Structure formats: C-alpha cells, structure tokens
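Trainee: I am new to this structure. Could you take me through it, beginning with a single residue?

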Amino acid sequence: DAGGVDGDADLALGLESGGDGHRWGGRLSFGYAPAAEARWSGKTATLYRLPARIGLYLSLPAGPGRLEPGLGGGADVLLVSAEGPGTTDGVGVHLAPFGDASLAYTIPLARRLYARALSRAALTVPYVFRDLAGERVWGTPRVYGELGVELGLAFQ
C-alpha cells in the first residue's frame, strides 16, 4: 500500500496433459506471507496474508523448454488483529479476490526436475484497514505484479 516489495512462499500442485506438442495445464497454490505490522498513536495492528490461487495455462514448445501463458484467479485471505483503543474496526478475517494473467517459461533440468521463471499481473478488489476514527492504517493494492522462480518435480 505504501510501495515497496512484498513476498510470500507458495506450495503449488499442477496437472498437465501429456504429449510433445501443445498441452493444457492447471495449477492450484496456497501460500504464506510474513506478518505486516503497523504502529500509530500507541496502537498496533498486524496483518497476515494467505494467498490461494487457481490457474489454467497453455504449454507450448519453445526452444529447450516450454512457454506457458495463462489466466487465473483466487483470493488473499487476510487475518487482521489490532491492539489499543479505537482499533476494533476491521479486525478478523477478510478476502481480497483477484484475477490475473501470467507468463512462464519452464526448462527441464534433470530427469524429473524442472525450473520455471514466471511473471504475473493481477487486478484485485482491495481491502483497506481503518481505525475507529476512520483513519487509514494500510490497504492492499488494486493492481500488482509478481516475479518468481520455481523448482519442481514432475511425476508421470
């Protein structure tokens, strides 16, 4: 919400059709982001973000690997807690749904091991945390981008 970089660790399960040409695939992932904390006027609030995502992609042969454009969606589950007078508004569990477009490139490294470089751009329904006086403490973004690298195992 104030700029900067946020990150999370994800565990993903993917399924992909077989064959050497064009293939279709799907991915389901869940993650955990480190807690974000805000302090103001003797008050504190903590936000835990748990992203959940599902996506579909097309896997196309490209050089030594595969190019994978895709579409997806999901939600960030936001767990909010606060301490101090005037902080009870917004405490609890909230959802910030999103839709995204992704592009990845996957390269086989060994017999079943692969590496994937991926990028994603998403539009979200933002969540804004305000104290009881109506002052904004933090908010989630309306638009964001992701870059990542995955290492994975393929089972056939």
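**A guided conversation**

Mentor: Glu68 counts as buried, since its relative accessibility is 4%. Buried stands for under 20% relative accessible area, exposed for over 50%, and partly exposed for what lies in between, using a 1.4 Å probe and protein chains only. The model is predicted, so to speak of local features requires a pLDDT of at least 70 and side-chain atom pairs count only at pLDDT 80 or more, whereas totals for chains, interfaces and linings use all residues. Residues are numbered from 1 along each chain as its sequence is written, and side-chain values use heavy atoms, leaving out hydrogens and water.

Trainee: Which side chain does Glu68 meet in a salt bridge?

Mentor: That of Arg116, with 2.9 Å from N to O. Arg116 belongs to strand S7 (residues 113–124) and Glu68 to strand S5 (residues 65–83), so the pair ties together parts 48 residues apart in sequence. Strands are DSSP runs of E with at least two residues, helices are runs of H or I with at least four, and both are numbered from the N terminus. A salt bridge requires a side-chain nitrogen of Lys or Arg within 4 Å of a carboxyl oxygen of Asp or Glu.

Trainee: And is Arg116 buried or exposed?

Mentor: Arg116 is buried, at a relative accessible area of 6%. A network of salt bridges links Arg27, Glu68, Arg116 and Glu150.

Trainee: How many salt bridges does the structure hold?

Mentor: There are nine salt bridges. One of them joins Arg53 to Asp100, whose closest N and O atoms are 2.8 Å apart. Arg53 is in strand S4 (residues 43–62) and Asp100 in strand S6 (residues 92–108), 47 residues apart, and the pair links distant parts of the chain. Both Arg53 and Asp100 are buried.

Trainee: What about Arg23: which residue is its salt-bridge partner?

Mentor: Its partner is Glu16, at 2.7 Å from N to O. Arg23 counts as buried at 17% relative accessibility, whereas Glu16 is partly exposed at 32%.

Trainee: Changing topic, which residues make up the largest nonpolar core?

Mentor: It has eleven residues: Ala38, Trp40, Ala45, Leu47, Leu78, Val80, Ala96, Tyr127, Phe129, Val137 and Trp138.

Trainee: How many aromatic pairs does a search of the whole structure find?

Mentor: The search finds one. Phe98 and Tyr144 form this edge-to-face pair, with 6.2 Å centre to centre and 75 degrees between the planes. Phe98 lies in strand S6 and Tyr144 in strand S10 (residues 143–153), so the pair ties together parts 46 residues apart in sequence. Rings of Phe, Tyr and Trp (its six-membered ring) pair if their centres lie within 6.5 Å; planes under 30 degrees apart are stacked, over 60 edge-to-face and the rest tilted.

Trainee: Finally, in which sense do S4 and S5 pair, and over how many bridges?

Mentor: They pair in the antiparallel sense over 17 bridges; two strands pair if DSSP finds at least two bridges between them. Their hairpin has two residues between the strands, and Gly63 takes a positive phi near 65 degrees there. S3 also runs antiparallel to S4, joined by five bridges.

Definitions and conventions: Core = buried A, V, L, I, M, F, W, Y, C linked by side-chain atoms within 4.5 Å.
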